[in-house]
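Subject: Structure for you to look over

Dear colleague,

I am passing on the structure we spoke about, and I would be glad if you could read the notes below with it open beside you.

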Amino acid sequence: MASVLTRSMSLESSPQLEPESPSKRRSSALNNAMSFFLQLDANTVLRGNVKFHLSVDQIVKHAMNHGLTREQITTLIKIIVHPNTKISQAIRTKLVKCLVPSSKVPQSAVVRVISWISTRVFSDPGPTNLHSVLLRWILLIYDYIDGYDQLHKLYDIIFCFIHSYLLLPHACHLLFLLTRKHDVKLFKVQQLLQLTRKVGPESCIIGLLTIYKVFCPHLVPMKLEHSHKVYFKAHDSTWRSTIQEIVAANQAAGDDNGLDTDRAEIKIRKEKAFIQVKSKRQKLLVPEPHSASEEISEETDLNTTSLPSDFEHIHYAQLDSFSAYLEALDKIEYPSQIAAALKDKKLQLLLSCHPDQIVITRLCLWIQHVFAFGFRNTDKDECEKYEQLLQMLLSFSQNVQSFSVVEGFLECSLPLWDGQRFTPLIFSLITCFKPSTYNELHYCVLDPLHRLFFSCDVYFKSMCITALTKLLHNLSIINYGNMSSQEEQTQQEGNKSARDATGDTVLNETHLPSSTLDNTQSILLKLISFLDAVIVAGMMMEDDHYLLQMTTLDFLELVSSLFQKCHIPLVCLPLRVIHRLLLSDCPATLARLCEVINSFREAFTAVRSSRRDAVTCDTTLANQVSVLHPTGSKSKGVDKFNGLLLDIMGMLWQGRLFQERSNKLESIFHFKPPSHLADKIKDNALTIYMGPAFLGLAYKFLKETQREDKKIHPLQIEPFKDRYLLFLERENFPEFKKLVSTNIKSRIDKTAHL
C-alpha cells in the first residue's frame, strides 16, 4: 500500500509533457529528411532504400503544402548541388521543384545556384536539364529574392550562359531583369549579334538586345521590331501558380511579419506600407512603390562625400506629403517596381510630367508579361484578380494620356480573348489605344476583333462597333488637340486665320506638319473603310437588327462631323452602310439617316468654302482614299455625295426611283428591274408615304384627316405631302422636313420669301 502511494505521489510531482504542435512536428520531420541527405556518403546504397524514398516524399509533401523557409531553401540547395553521384538527375530535379518559398528567398542561395551552373557551362559535357530547371526556378522566384546586389555582381558570368543553347532563353530572360545601363558593353552586343547570325533571330535574344538598345542605342546598330514581340515565353505555369499561392497564403497568415531588417529606415518604410488596411480579397499582382536603390545606398559608407545637390535624387519612398512631392518633382527617382504606378496617383502624375522612355518601356513589358499567361487561367479567383488589374490599367490609361501602355496588353491578350470575359473593360481599353500607324492598329485590335465579330451574337457586334466608334472619336480629338496648339502658336506669331461668310474660324494649312496630317488621315480613312465593310456584313448576318442600326448611326454621325467639330480635314462617305440603311423598315433609322445626310452636306459645303485642302472621298474608292483634293475644285467625293443626295430625294420625296442620270453622278438604282417585277415596283415604292417604314405613319395620318367611311390608301397623301411633313414633325420626325427644306430649291426659295 505504501509503494502504491509513493508511486502515485511521484507521478503527481513529475512535470507533465506538453503535446507537440503540428507545425513543430512537420518541421521536425522535414529536418530529419534533410539530415538524411546531408549524411549520405559514397558507401550508402540508395536502390531499394526505404528511408531514402520516405525522405524525398516528406520534402515534397511539406514544400508543396507549406513552402520552405530561408534556411530550409539553403539546405535543400546544398543537397541538390552536392557532388554525390548516387543521387540521380531525376531525384535532383524533383527536389528543385520543391524549392517553393514561404515568403522570401535568400540571395546567397541564388548565388550558390549560379556558381554551380557555371562549373558545368565551362566544362564538358556542358549543362544538363537539371541546370536549365534551376535557372527557370530563379526566374520564378525572382520577385521574392531578398536582395539583388550580390546576384548582379555575377552578371558577366550569367552572360556566358548564352553560349549554351539549353540555357539561352532563360539566361537572356534573367539578364533582361538584371540589366542596368553600365552593364551594356560593345563586346556583349557583338556576341549577341553573332549568336543571332548563328541560331537565327530568337525572340529571347531580340528581347535582350532591345533593352540594350533602350539603354545605349548607339551600341546596337540593327533595327529591332520590338512592338509586336513577346520576348520571353511563360514556362512552368503550374509551378508558378503554386509559388504564388503559398506565398500569398503565408502573407495572409502573417508569417512574414518577422523578416530580418538590418536597417531601421527600411523597417520604418515597410511599417508605413502596412498602415493602409487592405482587403484580404485583393491579392493583386501590382507591387507596392518601393525603391531598391535605396536599400543598396544604405549599405554604402555614410561618411563618403555626397554629390552636389543638382545631381542628387530623392527616392520616391521617402516622400511623406504631397507638398514635398511637388517641391522635389524634378529630382524624384522612379521606384524599382514601376508597375506600382497602376494604382499610385502620384506616380501617374510623375509619369505625366516627366515621361521617361526607359520607364515606359519597363511598364509596357511588365503588362505584356503579366497578361501573357494570365488570360489563360479561367479560375474564378484569378478572374477577379485580373478584372481588378484591368480596372487599374483602364484608370491609368485615362489619367495618363501623354503616352499609351495598352499596346502590350492588346497584343498578347486579344488573340486569346473569347469575347465573354471582361468585355466592357477590354472594349474600354481599346478606346484608349493610340496607334502610330494603321498596320499597328490592324495587328493589335482590328484583326483579333474581326474574328470575334463574325462568331458572336448581335450584342457583341453592337459593343464592338460602339468601341471602335469611340476609338475613332478619341483619335480625332487627339489630332484636334495638336491642331489647336499649333493654331495658338501661329496666332502668337501674328498669322491671322481666315473666316468664311458666316464668320466661323477656318483652319489654316499650317496647323500640322504634312507628314503627321497625312498619317492621321490615313489611319482615320482606313478605320472608317474597315468599319463600313464590317458593319454591312454584320447587318446581313443579323437581318438588319435594330440595335445594330442604332450603333451604326452613331458611327455615321461621328464621321459626318469630323471636319466641322473635330477640325479634321477629312470628309469620307461610308457609302455601303448608307445604302444599307436606306432600305431599313424603321422610320427612326431613316430620320436619323436624313440628319446624317444634312450633316454631310454642311461638311462638303464647308470644305468648298474653306481655304485649306481636305480629303473628300468615299469608302468604295479604295485606291483613292488618301488623295488630297484642293479646295474649290471638283472631286470624286463631292460627285459621289451629289449622286447619293439625288438618290435619297428621288426615293423619299420625288418618287423618281429609277431615274436616268449622267455617268458623272452615279445612282444606286441605275438598273432595270426584272421583267416579272417591273410592274410591281413603282418609282414611288419607297417614298415617305408609300415605303414599308412609313405605312403605319401614313395610316395614322389618313385616319386623322379622312372620313371614317372613306377608303384610304397611301397614294392619297401625294397631293398633301407638305401637310404630311408637318404631321411627321409632330410625331417627332422633323428630320424629313429639314431634309426637304434644305435640298429642294423651290422650297428654299419659298422659305426665303417668307
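This is a predicted model: local features need pLDDT of at least 70, side-chain atom pairs count only at pLDDT 80 or more; totals for chains, interfaces and linings use all residues.

**Nonpolar cores**

The largest nonpolar core has 135 residues, and those with the most contacts inside it are I430, V445, L468, I688, Y724 and F736. The greatest contribution to this core comes from helix α24 (residues 514-541), which gives eleven residues. Apart from it lies another core, of 83 residues, which includes V96, A109, I141 and F161. A nonpolar core is here a set of buried Ala, Val, Leu, Ile, Met, Phe, Trp, Tyr and Cys residues joined through side-chain atoms within 4.5 Å, where buried means under 20% relative accessible area, exposed over 50% and partly exposed in between, with a 1.4 Å probe and protein chains only. Leaving aside neighbours within four places in sequence, L468 is in contact (heavy atoms within 4.5 Å) with I430, V445, L446, L449, L527, F530 and L531.

Residues are numbered from 1 along each chain as its sequence is written, and side-chain values use heavy atoms, with hydrogens and water left out.

**The chain as a whole**

The protein chain holds 32 helices and four strands, taken as DSSP runs numbered from the N terminus (H or I of at least four residues for helices, E of at least two for strands). Of its 754 residues, 47% count as buried. Among contacts between residues at least 6 apart in sequence, 71% join residues at least 24 apart. A search of the whole structure finds zero disulfides, a disulfide being a pair of cysteine sulfur atoms within 2.5 Å.

**Aromatic rings and charges over them**

Rings of Phe, Tyr and Trp (its six-membered ring) pair if their centres lie within 6.5 Å, and planes under 30 degrees apart count as stacked, over 60 as edge-to-face and the rest as tilted. By this rule the count comes to twelve aromatic pairs. In one of them, W417 and F427 have ring centres 5.6 Å apart and planes at 80°, so the pair is edge-to-face. This pair links distant parts of the chain, with W417 in the loop between α20 (407-413) and α21 (423-431) and F427 in helix α21, ten residues apart. Both W417 and F427 are buried, and together with F460 they form one aromatic cluster.

The rings of F453 and F454 have their centres 5.2 Å apart and their planes at 85°, so this pair is also edge-to-face. F453 counts as buried at 2% relative accessibility, whereas F454, at 29%, counts as partly exposed. The charged end of K461 sits over the ring of F453, 5.6 Å from its centre, and the charged end of K188 sits over the ring of F159, 5.9 Å from its centre; the criterion is NZ of Lys or CZ of Arg within 6 Å of the ring centre and within 35 degrees of the ring normal.

**Helix α25**

T551 is found in helix α25 (residues 546-560) and, at 8% relative accessibility, counts as buried. A polar atom of the T551 side chain lies 2.9 Å from the backbone oxygen of L548. Setting aside neighbours within four places in sequence, T551 is in contact with S462, I465 and T466.

L553 lies in helix α25 as well, and it counts as buried at 0% relative accessibility. Not counting residues up to four places away in sequence, L553 touches L581, T589, R592 and L593. L553 and L581 are 28 residues apart in sequence and 8.9 Å apart in space, C-alpha to C-alpha.

**K738 and E595**

K738 has its place in helix α31 (residues 735-743) and is partly exposed, with a relative accessible area of 36%. Its side chain makes a polar contact with the side chain of E595 at 3.4 Å, where a polar contact is a pair of N or O atoms within 3.5 Å; within protein, one must be able to donate a hydrogen and the other to accept it, and residues adjacent in sequence count only if both atoms are side-chain atoms. The C-alpha atoms of K738 and E595, 143 residues apart along the chain, are separated by 8.1 Å. Leaving aside neighbours within four places in sequence, K738 is in contact with E595 and N598.

With best wishes
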